[in-house]
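Please keep the sequence and the structure in view while reading.

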Amino acid sequence: MKEMKKLVAIVGAFLLACSLPISGAAAGKQMFSDVPPSKHFANAVNELAARNIIGGYPDGTFKPGNSITRGQAAAIIAKMIGLDTSYRIEQKFKDVPASYGFNRAIARMAEEGIIGGYPDGSFKPDEPIKRKNMAAILVKAFDLPRDVEVKNPFKGEVGITNDVLVIYKLGITSGTSPTTFSPNASITRGQASKMLVAAEQVVMKNAVTVKAGDLGWDAMTAVIDDQVNPDVFRAVKVKGKNDTLSQVQLFPVKEGTGGIVIWGRTAENEWKYQKYYVHVKKEGSVLRLTLEKTDESLPTLVSLNTKYKPVQNIALAKTDGENISDNVTIEKNEYNFTYIRLEKPGNYIATVRFSNGDEVRYRVTAFEMDDSFLYGTNSVEIGPPVDPLDPVNPEKPLPGQLTTYLPEDLQDDNYRIAHVMLTMMGQKVTHYPADYLITDPIKDGPYGEMREIEFYERQFGKYNEMAKQNILYLKWFTKEDSVVGEMLNRWLEGDFSQVTKDYRTLRAMTDDDYGNCADVCLDDFIKARTKRAEEYFLKTVSGAEAVNRFHVEWGTE
């Protein structure tokens with residue numbers, strides 16, 4: 001393959017200087033009576049015929065539906081990649097005699113390792129070539145990337161090889177249908193022409209390679225290529241040692257600007273992310289691809305769970321009261337979700353008016369992402385429009401997750417307050433999956449192997465101010481000398497030294513059956529599930545002193 005690799009390296013320049021690509025007019029000229037312009041392979045057939053790579057029949061037809069033989073395929077591809085067939089070499093196949101018309105092409109293709117024969121030493125040159133075998137020849141002949149990660153869209157078919165997936169990923173073929181490739185079917189003359197030209201264009205299209213080492217990384221972990229104009233380019237992931245992703249090859253498809261985000265990690269296991277704008281421009285008749293590093297994020301759709309109810313209008317405002325629009329554009333509706341676009345990061349209130357006259361508010365957040373071109377978003381329904389909930393400063397909406405609890409729900413109701421306090425504990429420290437909240441990564445999550453606490457912070461922001469505001473809000477509805485009032489005072493001061501007692505007290509206030517269940521409801525549940533998470537929460541919210549008091553409670557000083 002040494003000579004082959006050298007030829008492939010110069011094939012782009014050679015073809016440009018000689019006969020490829022030919023002019024659009026020549027490629028579009030109808031060369032055969034049975035290949036009208038309406039056929040999807042017409043341009044490819046006309047181009048190859050104009051370059052004398054393929055020919056037709058004496059009656060002026062091409063017969064595009066006829067099969068192409070293994071010998072014909074070898075001869076055509078040898079001519080396309082510039083193999084020298086002017087001299088005779090030893091033929092390795094017993095059924096390809098010196099008198100056979102494609103003897104030299106078959107011998108040279110075999111010498112380069114591009115084609116192979118059968119175990120009995122034959123080549124069967126006059127047999128129709130199968131689609132999967134054509135894929136294997138194209139990958140070798142044009143030195144296409146072999147170790148690629150491709151999701152198989154042709155599930156259930158026998159004979160889907162890695163070479164088939166490679167040419168599918170590179171856009172050389174789309175299969176015989178969206179879900180079938182027909183690997184064992186004979187390839188037609190029309191299909192073969194289109195695949196040959198497409199494979200040749202892949203080599204010519206100025207592919208750009210990004211390697212993990214170029215970025216100072218030990219490995220790449222993921223490639224996000226479907227967020228910004230993905231039809232402008234194709235990204236092919238290539239594996240290296242130890243079956244790890246080592247590089248990405250980018251191929252231009254059409255003019256425009258797309259985007260790609262590459263994830264990776266260093267030798268020290270530090271996570272890294274790099275965003276690129278992918279610019280594709282036509283220079284003469286050739287598409288050129290260039291990369292531009294960026295840290296920008298782009299406007300993003302956010303979903304509102306409108307529960308299948310017809311939406312009449314959506315108003316959007318910032319949480320500080322600044323009005324964005326009284327009637328934002330509804331981008332789409334899917335199932336029970338309605339989507340709107342957020343142009344900038346920030347905290348918003350979306351007020352949805354339904355066709356029946358009801359109104360519901362949603363708290364909406366958009367935030368910058370290192371590992372995505374799109375803002376991260378979340379939305380939470382916060383109920384119908386109500387008066388501001390902060391009794392001290394009614395002009396300022398209350399931050400946090402308790403805005404759905406109205407004053408009339410909490411007034412003089414220790415049961416409801418205790419229930420809310422248990423909810424707070426559950427959200428922060430008590431319930432599943434708090435036992436591995438701090439140290440264990442989420443496997444195959446939306447951001448790779450990220451610790452769950454980092455995921456929560458990315459989605460919802462840090463907890464300290466939200467927790468403090470929630471506690472202050474609840475205190476407005478409690479008496480200082482009540483059980484819950486005394487507990488809230490300690491929490492506000494960062495004193496969680498009685499956390500196990502607080503948990504049991506609140507459970508007893510809200511659950512008549514509490515205490516009648518097994519031990520898992522008591523100490524085992526608390527100690528097994530909350531220790532690390534509570535300690536982290538205390539350190540984040542209340543500082544080192546609260547952690548010290550916590551250690552005293554647990555006896556872990």
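In this predicted model, the side chains of Glu486 and Arg490 meet in a salt bridge, with 2.7 Å from N to O; a salt bridge here is a side-chain nitrogen of Lys or Arg within 4 Å of a carboxyl oxygen of Asp or Glu. Both Glu486 and Arg490 belong to helix H13 (residues 483-492), where they are four residues apart, about one turn of the helix. Helices (H or I, at least four residues) and strands (E, at least two) are DSSP runs, numbered from the N terminus. Glu486 counts as partly exposed at 36% relative accessibility, whereas Arg490, at 9%, counts as buried. These words have cut-offs: buried means under 20% relative accessible area, exposed over 50%, and partly exposed in between, with a 1.4 Å probe and protein chains only.

As for how the model was treated, it is a predicted one in which local features need pLDDT of at least 70 and side-chain atom pairs count only at pLDDT 80 or more, while totals for chains, interfaces and linings use all residues. Residues are numbered from 1 along each chain as its sequence is written, and side-chain values use heavy atoms, with hydrogens and water left out.

The structure holds 15 salt bridges, and the table gives three of them.

| Salt bridge | N to O distance |
|---|---|
| Glu486 and Arg490 | 2.7 Å |
| Glu200 and Arg51 | 3.0 Å |
| Arg288 and Glu283 | 3.7 Å |

Glu47 joins Arg51 and Glu200 in a network of salt bridges. Arg288, by contrast, is partly exposed, with a relative accessible area of 26%.

Turning to the nonpolar residues, the largest nonpolar core has 61 residues, and among those with the most contacts inside it are Ile77, Met109 and Met134. Such a core is a set of buried Ala, Val, Leu, Ile, Met, Phe, Trp, Tyr and Cys residues joined through side-chain atoms within 4.5 Å. Several elements each supply at least two residues of this core, including helix H4 (70-80), helix H8 (189-204) and strand E3 (233-239). Apart from this core lies another, of 19 residues, among them Leu250, Ile260, Val278 and Leu287.
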